[in-house]
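Reader: Please present the structure, so that its fold and local geometry may be discussed in turn.

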Amino acid sequence: MKKQFFFSASILQLLIFTFFYSTTTTTTSAQLSPVQAPQSSSPAPGFNTVPLVPVSPSGAPTPNIIPKTPSIDIIQILKKGKRFSVLIRLLKTTQLINQLNSQLVTTSTSSDSGGLTLFAPEDSAFTKLKPGFLNSLSDRHKVELLQFHTLSSFVTISNFDTLTNPVQTQAGDDAKRLQLNVTTSGGSHVSMTTGAVNATVTGTVYADNKLGIYQVDKVLVPLDLVLPPAKAPAPAPVSKGDSSKPDDRSKSSSSFDDDENNNLPAKASSGAGSSNMKGMWIALVVGIAFAWW
């Protein structure tokens with residue numbers, strides 16, 4: 001009995017071992033089968049996947065650069081200064097700010113654009129103007145005044161000495177009525193004159209490689225807004241009563257002189273005839289007297 005029991009137990013152990021061995025082999029072959037598609041494994045909790053970065057031939061990473069929309073806003077820059085409320089109001093009412101911001105967008109997207117330079121008069125500078133000066137300007141002249149404060153290129157505070165006078169502004173290129181002359185001293189001291197106003201740059205409000213905003217102590221009033229408007233020369237007036245032309249008058253005067261000259265020989269010949277008659281009478285009287293005696 002004992003031998004049969006041990007024999008049966010051995011057979012049972014062999015069957016159990018065979019079953020587990022076959023199950024393990026099947027699972028391993030299924031995992032290593034090349035036909036089965038690989039399954040994506042999700043990262044373990046607490047770990048983040050990092051995207052691969054392209055690598056240049058030199059070995060340095062070359063991440064993709066996505067261009068950003070320009071975020072420079074002149075109005076927001078001036079608001080942060082807290083002393084340019086009058087200038088902000090003029091830029092908005094004339095809608096010139098839209099043009100300037102558009103130029104900044106073009107500047108940011110094009111390497112050929114030269115940027116912008118804006119001279120910003122503080123609020124106290126407008127109080128130095130003649131009372132009622134701004135209200136007396138038309139909309140066109142207000143735009144001209146603001147454009148006279150703007151250069152179509154970016155100039156750093158240390159490069160104003162490289163400008164050629166008169167400096168051309170966005171107001172135009174009239175060298176007499178829209179002249180702006182810039183002088184520098186000591187590297188950072190910048191003075192300007194318009195022929196009507198002398199001003200000084202008192203500080204830098206904002207500066208990057210495309211936009212420069214510099215505070216000035218006076219409003220840059222061009223001569224064009226001070227001098228009387230240029231008038232075209234009026235034609236010479238013609239008298240209504242004098243219908244004769246200069247040539248006619250010269251002809252009439254010359255004809256009158258010719259008539260006078262033609263009459264002079266006739267008068268001279270008549271005088272000579274009368275003197276000859278007198279001589280004949282005297283000779284006749286003398287002859288009779290001698291004959292009588």
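The questions below proceed from the overall fold to individual residues.

Author: This is a predicted model, in which local features need pLDDT of at least 70, side-chain atom pairs count only at pLDDT 80 or more, and totals for chains, interfaces and linings use all residues. Residues are numbered from 1 along each chain as its sequence is written, and side-chain values use heavy atoms, with hydrogens and water left out.

Reader: Which pattern does the protein follow along the sequence?

Author: Helices (H or I, at least four residues) and strands (E, at least two) are DSSP runs, numbered from the N terminus. The protein has eight helices and six strands. Read along the sequence, their pattern is α-α-α-α-β-α-α-α-β-β-β-β-β-α.

Reader: What percentage of the residues of the protein count as buried?

Author: Buried means under 20% relative accessible area, exposed over 50%, and partly exposed in between, with a 1.4 Å probe and protein chains only. The protein exposes about 21,300 Å², of which carbon and sulfur atoms supply 61%; such areas come from the Shrake-Rupley method with a 1.4 Å probe, and for residues only the protein chains shown count as cover. Of the 293 residues, the buried share is 25%.

Reader: In the open sheet, what is the order of the six strands?

Author: Two strands pair if DSSP finds at least two bridges between them. The edge strands, each pairing on one side only, are strand 2 and strand 3. The sheet is open with mixed pairing, and its order is 2-1-6-5-4-3.

Reader: Which residue in strand 6 is the bridge partner of V201?

Author: Strand 5 (residues 198-207) pairs with strand 6 in the antiparallel sense, over five bridges. Within strand 6, the bridge partner of V201 is V216.

Reader: What kind of aromatic pair do F119 and F160 form?

Author: Rings of Phe, Tyr and Trp (its six-membered ring) pair if their centres lie within 6.5 Å; planes under 30 degrees apart count as stacked, over 60 as edge-to-face and the rest as tilted. The count comes to two aromatic pairs by this rule. F119 lies in strand 1 (residues 116-121) and F160 in the loop between strand 2 (150-151) and strand 3 (181-185), 41 residues apart. With 6.0 Å centre to centre and 35 degrees between the planes, the pair of F119 and F160 is tilted.

Reader: Which residues form one aromatic cluster?

Author: F119 is buried, with a relative accessible area of 1%. Both F160 and Y214 are buried. The cluster is formed by F119, F160 and Y214.

Reader: Which residues are in contact with T169, leaving aside its neighbours within four places in sequence?

Author: T169 lies in the loop between strand 2 and strand 3 and, at 4% relative accessibility, counts as buried. Contact means heavy atoms within 4.5 Å. Leaving aside neighbours within four places in sequence, the contacts of T169 are Q147, F148, T150, L151 and L180.

Reader: Is T204 buried, partly exposed or exposed, and what is its relative accessible area?

Author: T204 lies in strand 5. Its contacts, neighbours within four places in sequence aside, are I213 and Y214. T204 is partly exposed, at a relative accessible area of 46%.

Reader: Which peptide bond is cis?

Author: Most residues other than glycine have a negative phi, and most peptide bonds are trans. P166 is found in the loop between strand 2 and strand 3. With omega near -5 degrees, the cis peptide bond is that from N165 to P166.

Reader: Where does Q95 lie, and what is the value of its phi?

Author: Q95 lies in the loop between helix 3 and helix 4 (96-109). At 55% relative accessibility, Q95 counts as exposed. Its phi is positive although the residue is other than glycine, and the value is near 60 degrees.

Reader: What is the relative accessible area of K82?

Author: K82 is in the loop between helix 2 (74-81) and helix 3. Its phi, near 60 degrees, is a positive value in a residue other than glycine. K82 is exposed, with a relative accessible area of 77%.
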